[in-house]
Amino acid sequence: MPSRLLHFRLNGDDVEIAAPDHWTLLEVVRYRAGLTGSKQGCDKGDCGACTLHVDGRAVLSCLTLAADVEGRAVTTIEGLVGPGGPDVVQDCFDAAGALQCGFCQPGMMMAARQLVTENPDATRDDIKAALASNLCRCTGYTKIYEAVENACRRARGEADAPATAERAAS
Ligand code: FES
Ligand code: FES
């Protein structure tokens, strides 16, 4: 089976990874790099569970050929955690109680991270549109939207919505 050496930046580190030519980015990060945060859900572009960032933009890694990220910067959910702890989006999902089984969450958070970065003034409709490709079978979405609204508030230097702040304090 033909394979190639891939060179790209993965969560801030330069990596060299050998993988079959036809492998997707999702396969490379999960089965070569051992980063299993990006989930292999539908594996055909329908669920969003595999969402990660390439050069800061959310992509479906199950539909991205690994060869296409040569020389680029890939960030997975594992890379969202910084030296100071979880990213604000991760923290807001936790504070809002937006997690149940968790399978959708890495992809959901990566899509949300791009939105919060690009549009901290996002409305509820903007958030719904940004997360429209990310499916959740558990939560009913309301707490996810609240979490992203709070992440936007924090990005604007504002406090969480009162309901979330009360829940976190109790
Ligand atoms: S696993 Fe990629 S969209 Fe479902
Ligand atoms: S929390 Fe279970 S699929 Fe979203």
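At what angle do helix H4 and helix H6 pack, and how far apart are their axes? Helix H4 (residues 105-118) and helix H6 (residues 142-155) pack at an angle of about 35°, and their axes are 10 Å apart. This is a predicted model, in which local features need pLDDT of at least 70, side-chain atom pairs count only at pLDDT 80 or more, and totals for chains, interfaces and linings use all residues. Residues are numbered from 1 along each chain as its sequence is written, and chains are lettered from A and ligands numbered from 1 in the order in which they are written.

**Domains**

- The protein is divided into domain 1 (3-78) and domain 2 (88-169), with bounds that come from an automatic or database domain assignment.
- The C-alpha centres of domain 1 and domain 2 lie 23 Å apart.
- Domain 1 gives 13 residues to the contact and domain 2 gives eleven residues; two residues are in contact if their C-beta atoms, placed from the backbone, lie within 7 Å.
- On the side of domain 1 that touches domain 2, strand E3 (51-54) and strand E4 (57-60) each supply at least two residues.
- E3 gives the most to this side, with three residues.
- Helices (H or I, at least four residues) and strands (E, at least two) are DSSP runs, numbered from the N terminus.
- By class, the side of domain 1 that touches domain 2 has six nonpolar, five polar and two charged residues.
- Ala, Val, Leu, Ile, Met, Phe, Trp, Tyr, Cys and Pro count as nonpolar, Asp, Glu, Lys and Arg as charged, and the others, Gly among them, as polar.

**The sheet**

- An open sheet of five strands runs in the order E2-E1-E5-E3-E4, with mixed pairing; two strands pair if DSSP finds at least two bridges between them.
- Strand E2 (13-20) and E4 are the edge strands, each pairing on one side only.
- Neighbouring strands of this sheet are turned by 45° against each other on average, direction ignored.
- E3 and E4 pair in the antiparallel sense over four bridges, and they form a hairpin with two residues between them.
- Asp55, in the turn of this hairpin, has a positive phi of about 50°.
- E3 and strand E5 (residues 73-75) also pair in the antiparallel sense, over two bridges.
- Val54 has a bridge partner in E4, Arg57, and one in E5, Val74.
- H4 packs on the sheet and touches E3 and E4, and its direction makes about 40° with that of E3.

**Helix H6 and its partners**

- Axes are lines fitted to C-alpha atoms, for helices over the stretch in contact, and angles run from 0 to 180 degrees between N-to-C directions.
- The crossing of H4 and H6 is right-handed; a crossing is right-handed if the near helix is turned clockwise from the far one by less than a right angle, and left-handed if anticlockwise.
- Met108, Ala112, Leu115 and Val116 in H4 meet residues of H6 including Ile144, Val148 and Cys152.
- The residues of the contact of H4 with H6 divide into nine nonpolar, no polar and no charged.
- Helix H3 (residues 88-96) and H6 pack at an angle of about 135°, with axes 8 Å apart.
- That angle makes H3 oblique to H6, since angles under 35 degrees count as roughly parallel, over 145 as roughly antiparallel, 65 to 115 as roughly perpendicular and the rest as oblique.
- The crossing of H3 and H6 is right-handed.
- Residues of H3, among them Val88, Cys92 and Phe93, meet residues of H6 that include Lys143, Glu146 and Arg154.
- This contact of H3 with H6 divides into nine nonpolar, one polar and three charged residues.
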